[in-house]
Structures are given as C-alpha cells and as structure tokens.
Amino acid sequence: MAVHDDCKLRFLDLKAKRTYRFIVFKIEEKQKQVIVEKLGEPTDSYEDFSASLPADECRYAVYDFDYVTEENCQKSRIIFIAWSPDTSKVRNKMIYASSKDRFKRELDGIQVELQATDPTEMGLDVIRSRST
C-alpha cells in the first residue's frame with residue numbers, strides 16, 4: 001500500500017507548525033494508497049474529531065492532544081489511532097490491519113498508539129491515561 005506524499009506533508013504541518021488539530025486518513029483501494037480524508041482546524045474539539053470517523057468503516061487518524069501535567073506544565077502528544085469499528089466489513093479491517101505498521105512508519109513523531117473498535121476505546125479519558 002503506497003502512502004500519498006500529502007499524508008506526510010500534512011502530518012509534518014500538524015507536528016511542527018500545529019496547523020491542524022487532527023488528520024483522518026483513508027485507504028483508497030482503487031489507487032492502492034493512503035490519502036488524507038479530513039483535516040481538523042486547530043480550534044476543533046475532540047468531539048469534532050471523533051465525529052469525523054465513520055461508524056462502519058476503518059480509518060487511520062492522528063490527533064494532537066494537549067494536556068496539563070500535575071506540575072501545571074502545558075504538554076502535547078501526537079496520538080495515532082487505528083479505527084476499526086466492529087461494524088466494518090472484514091475485508092476492510094484486514095486491509096487496514098495489514099497496512100498499519102508500514103503507514104505508521106511513514107509518520108515520524110507518533111508518541112502514542114491506540115487501536116479502537118468503538119468510541120469508548122479512544123475516549124479522552126483513555127487518551128489522557130495513555131499520554132501522561
């Protein structure tokens with residue numbers, strides 16, 4: 001599975017310039033490559049992000065998570081989410097599962113990885129507990 005250059009460029013924008021809050025990636029089966037499906041504005045909320053993931057199709061996503069430590073320091077983590085809902089087709093799940101590691105290697109700077117089959121597995125509480 002190829003990775004479109006736009007994926008890497010947008011990821012660098014998120015990581016270095018904080019141009020986006022999140023990026024949703026989709027595998028375009030006909031072209032056999034991963035493409036950018038949606039870009040989240042820096043002002044978008046976590047709810048905006050989770051609403052942008054389809055209920056019955058797999059996706060990859062990165063989310064720039066801001067938080068404050070117990071010492072009151074502002075920090076941020078780049079979270080990679082492999083979204084694979086139970087309701088998606090088996091073939092869809094297999095394609096995403098088999099391409100995940102290769103795709104993830106293209107995005108240098110991911111700090112936390114989550115695998116989610118329903119929204120509760122990638123809730124803010126889960127992300128917070130994995131990030132701090």
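A residue is called buried here when under 20% of its relative accessible area is left open, exposed when that value is over 50%, and partly exposed in between (1.4 Å probe, protein chains only). The model is predicted, so local features need a pLDDT of at least 70 and side-chain atom pairs count only at pLDDT 80 or more, while totals for chains, interfaces and linings use all residues. Residues are numbered from 1 along each chain as its sequence is written, and side-chain values use heavy atoms, with hydrogens and water left out.

Strands are DSSP runs of E with at least two residues, numbered from the N terminus.

Next come the partners of β2, where two strands pair if DSSP finds at least two bridges between them. Strand β3 (residues 33–40) runs antiparallel to β2 and is joined to it by 7 bridges. The two form a hairpin with 4 residues between them, and lysine 32 in the turn has a positive phi of about 55 degrees. Strand β4 (residues 59–68) is also antiparallel to β2, with 4 bridges joining them. Valine 24 stands opposite lysine 38 in β3 and opposite alanine 61 in β4.

Then there are the cysteines. A disulfide is a pair of cysteine sulfur atoms within 2.5 Å, and a search of the whole structure turns up 0 of them. For cysteine 7, the closest cysteine sulfur belongs to cysteine 58 and sits 16 Å away, too far for a bond. Cysteine 7 has 0% relative accessibility, so it counts as buried, whereas cysteine 73, at 36%, counts as partly exposed.
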